[in-house]
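Here is a walk through one structure, taken a piece at a time. Keep the sequence and the 3D view open as you read.

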Amino acid sequence: MMCPIEIGEQSELLAYSGRKLELSRAVALERHLESCSACREFVEGQRTVWQALDAWQTPPVAGDFDGRLFRRMEQEPAEWWNRWLRSALLRPGLPLAAAACLVVAVGLILERPDAPPEPQPTSQVQNLQPEQVENAFDDMKMLSDFTRAARTDAGEL
Amino acid sequence: MERVNKNMASVAAALDCDTQLMIRVKQGDGASFGVLLEKHRSPVIHFLYRMVQNQAVAEELAQEVFLRVYRSRGTYEPTAKFTTWLFRIATHLALNTLRDGKNQRMETRLDADVLEAPVRQVCDGRPSVEQSMVREARLDEVRRAVAGLPDKQRAAVLMHKYEDMEYTQIARVLNCSESAVKSLLFRAYETLRNRLAHMA
């Protein structure tokens, strides 16, 4: 018999360890095990694993398991809209369409032309600098001088 | 060849007793659903418990499994064995729960599991406190070793060991090839052999 480990047939050893191998093959494998320490080690290790897993008991099932289930089953027809909504949301095209809408909306917001700035007279007054006021007074004084000079010229004439 | 295999699977599914019951459920026979529930309740819950290692979460997931079976009764088609379909739903839910970490909410129950374990009646010579502690420590090691396996390896081991499933059926449940299942199992058992070697 070829060594199961060497030919990659560990399933044979697993089945033997779990006592699931058919008799003729089990007999052949036992003969091989006598001379193959690697396979022997595999089988011994696997039997330890089986025993450890066998010892793992599960807790008892809650007594009201069926009752809870049947109550939920009774509520099923009332939830038809819920199932419809869920199936609608899980349709393959829907997330893609939603993503496309989002991209378009963001694009429209970003591409919106800037509105012309509205006149803000009060802010202009508030933003006057001292130099501007000074210049305005100079202009007024210059205008007044100009008017006076003009009158003088007119009187001379 | 693949077509022939599929046809054979369909024929085998049609001959499956559970499949016949499910077809009756499809036709509106509620009693058949009760029979299926009675037969598969414990295996499904035990499988889920060993997957998520939390009894409350396992029972909640099992409720969802049977609800999904009930909801799908109208569209049910016997293309595979009933248990393959059932465990595919259960595995899918368990893997999602593990991925989302929902089973971690009550992680302490991994240790508290001792309290939930069935009470063993011993006629005489009850195990000493020390013996009980040793036993629990060993069980805890087993649980942790299994919990340490990657999710798919864990599912494959539990179906192979406790549900006695063939490689082909596990492959159908996990939606992968038979050789992939063999690979999953060999790697998983190798890890377990290394981790539990001292228990010999």
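## Arg143(B) and its partner

Arg143(B) counts as buried, at 3% relative accessibility (buried is under 20% relative accessible area, exposed over 50%, partly exposed in between, with a 1.4 Å probe and protein chains only). Its partner is Asp140(B): the two form a salt bridge, with the closest N and O atoms 3.7 Å apart (a salt bridge is a side-chain nitrogen of Lys or Arg within 4 Å of a carboxyl oxygen of Asp or Glu). Asp140(B) counts as buried too, at 18% relative accessibility. Both sit in helix H7 (residues 129–147) of chain B, and because they are three residues apart there, about one helical turn separates them. Helices here are DSSP runs (H or I, at least four residues), as are strands (E, at least two), and they are numbered from the N terminus.

A word on the ground rules: this is a predicted model, where local features need pLDDT of at least 70 and side-chain atom pairs count only at pLDDT 80 or more, while totals for chains, interfaces and linings use all residues. Residues are numbered from 1 along each chain as its sequence is written, chains are lettered from A and ligands numbered from 1 in the order in which they are written, and side-chain values use heavy atoms, with hydrogens and water left out.

## Other salt bridges

Over all chains, the structure holds 18 salt bridges. Arg154(B) is buried at 6% relative accessibility, whereas Asp151(B) is partly exposed at 28%. There is also a network: salt bridges with shared partners link Arg72(A), Glu60(B), Glu64(B), Arg68(B) and Arg71(B).

## Where the chains meet

How many residues of chain A touch chain B? The contact involves 31 residues of chain A and 41 residues of chain B (contact means heavy atoms within 4.5 Å). The size of an interface is often given as the accessible area lost when the parts come together. Between chain A and chain B the buried area is about 3,700 Å², and carbon and sulfur atoms give 65% of that (the accessible area, with a 1.4 Å probe, that two parts lose on being put together, summed over both).

Six salt bridges are counted between chain A and chain B. The side chains of Arg68(A) and Glu59(B) meet in a salt bridge, at 2.9 Å from N to O. On the chain A side, the elements giving two or more residues are helix H1 (10–17), helix H3 (37–54), helix H4 (65–75) and helix H5 (80–89). H3(A) gives the largest share, nine residues. By class, this side of chain A has 16 nonpolar, seven polar and eight charged residues (Ala, Val, Leu, Ile, Met, Phe, Trp, Tyr, Cys and Pro count as nonpolar, Asp, Glu, Lys and Arg as charged, and the others, Gly among them, as polar).

## Helix H5 of chain B

Helix H5 of chain B covers residues 82–100, and its end C-alpha atoms are 27 Å apart, which agrees with the 27 Å its 19 residues should span at 1.5 Å a residue (the expected span is 1.5 Å times one less than the number of residues). Its buried residues include Phe82(B), Leu86(B), Phe87(B), Ile89(B) and Leu93(B). The buried residues of H5(B) pack against helices H2 (17–26), H3 (30–52), H4 (55–71), H8 and H9 (167–174) of chain B.

Leu98(B) is in this helix and is buried, with a relative accessible area of 15%. Its C-alpha atom is 6.7 Å from that of Val52(B), 46 residues apart along the chain. After H5(B) comes Gly101(B), with a positive phi near 70°.

## Two loop residues with positive phi

Most residues other than glycine have a negative phi. Gln53(B) is not a glycine, yet has a positive phi of about 55°. Gln53(B) is in the loop between H3 and H4 of chain B and is buried, at 7% relative accessibility.

Asp164(B), also not a glycine, has a positive phi of about 55°. Its place is the loop between H8 and H9 of chain B, where Asp164(B) is partly exposed, with a relative accessible area of 49%.
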